[in-house]
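Welcome! Please open the structure in your viewer and get ready to select a few residues along the way.

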Amino acid sequence: MYEDKLASTDAIIKHLFDPRYQNKYIPLQGKYLYLQHYLELNWSNICGVNLAKRCCVEKIMGNELHIRTANSILANELYMMQSLFLQKINAYLLGCLIIKKLYFHTGSFYARQARKAVPAEPLWQPPEYTTCPKCGARMEKGLNMCSVCERQEREQLRHNLAELLRIQPWLTYEDCKAYYKCDKIVFTAVKDSLKNYYFERVRLGFADKKECLLAALFLMEKQPQDMTPSMCENALAYLRRDQSVLAFGSRLYGKK
């Protein structure tokens, strides 16, 4: 029965966008609304059952699709993989419209979903709730923790990574996985932030002896036993350089 409804929806959409039928009395925005409804019907197939509970179609505007997400963390994750998301969405639009740009919005996600629900034959079921295992706050069932605790854990992870890199600035992402479970994006962001801090301290002449050593180790990505005094001095000279001097290799290692 459900498959029959989807089949009839396919036929209607193809008829609406078929160039042989002008459909003069149907405004373009009305056609977009029908496409939006069709995407909502297939949303769990497009992005998966778990993800479909945390994001939804908001509106179609020309070749742009606006998506509402449960929180900013999810919005960032979807933005990072939007090219794959676009392929899946366009595959379900039957060639009637090509979506070229995705926009992700946060806030009022569950309120919007509740307003969309149809009592007779709901397209969306209100989520079940439980309590966060860390703080006891109310949260959606199926999540590991509430959004507040999740954010605190991410901040704690960034703090732990920063402390680890201050002790061992030569660590790579593969090395770091032996200490903490994290993704490469977070690791790279933390390491780049530390590099920028110590490099700028050296460049401005505010760095003490320890900070100078850390800056040199971050730059060379070598362990202390592999660093010679001349290598350390060259690294610091490079960091103190005027921005208009020669490129990294010739300045750091000298003329060949």
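Predicted model: local features only at pLDDT ≥ 70, side-chain atom pairs only at ≥ 80, totals over all residues.

**Stop 1: the largest core.** Start by selecting L161, L165, C182, V190, L194, V202 and L239, the residues with the most contacts inside the largest nonpolar core, which has 32 residues. Nonpolar side chains tend to be buried together in soluble globular proteins.

Now colour the elements that give two or more residues to this core: helix 8 (147–167), helix 9 (173–176), helix 10 (184–204), helix 11 (209–220) and helix 12 (229–239). Which helix gives the most to this core? Helix 11 does, with 8 residues.

**Stop 2: zoom in on L161.** Leaving aside residues up to four places away in sequence, show what L161 touches: C176, Y180, C182, V186, F187 and V190.

**Stop 3: N71 in its loop.** Next, go to the loop between strand 2 (64–69) and helix 5 (72–80), where you will find N71. Is N71 buried or exposed? N71 counts as buried because its relative accessible area is 16%, and buried means under 20%.

Show the side chain of N71 and look for two backbone nitrogens. The backbone nitrogen of L74 is reached by this side chain at 2.8 Å, while that of I73 lies 3.2 Å from one of the side chain's polar atoms.

How values were computed
Residues numbered from 1 in each chain as written. Heavy atoms only, no water. Core = buried A, V, L, I, M, F, W, Y, C linked by side-chain atoms within 4.5 Å. Buried < 20%, exposed > 50% of the residue type's maximum accessible area, 1.4 Å probe, protein only. Helix = DSSP H or I, 4+ residues; strand = E, 2+ residues; numbered from the N terminus. Contact = heavy atoms within 4.5 Å. Polar contact = N/O pair within 3.5 Å; in protein donor to acceptor, adjacent residues only side chain to side chain.
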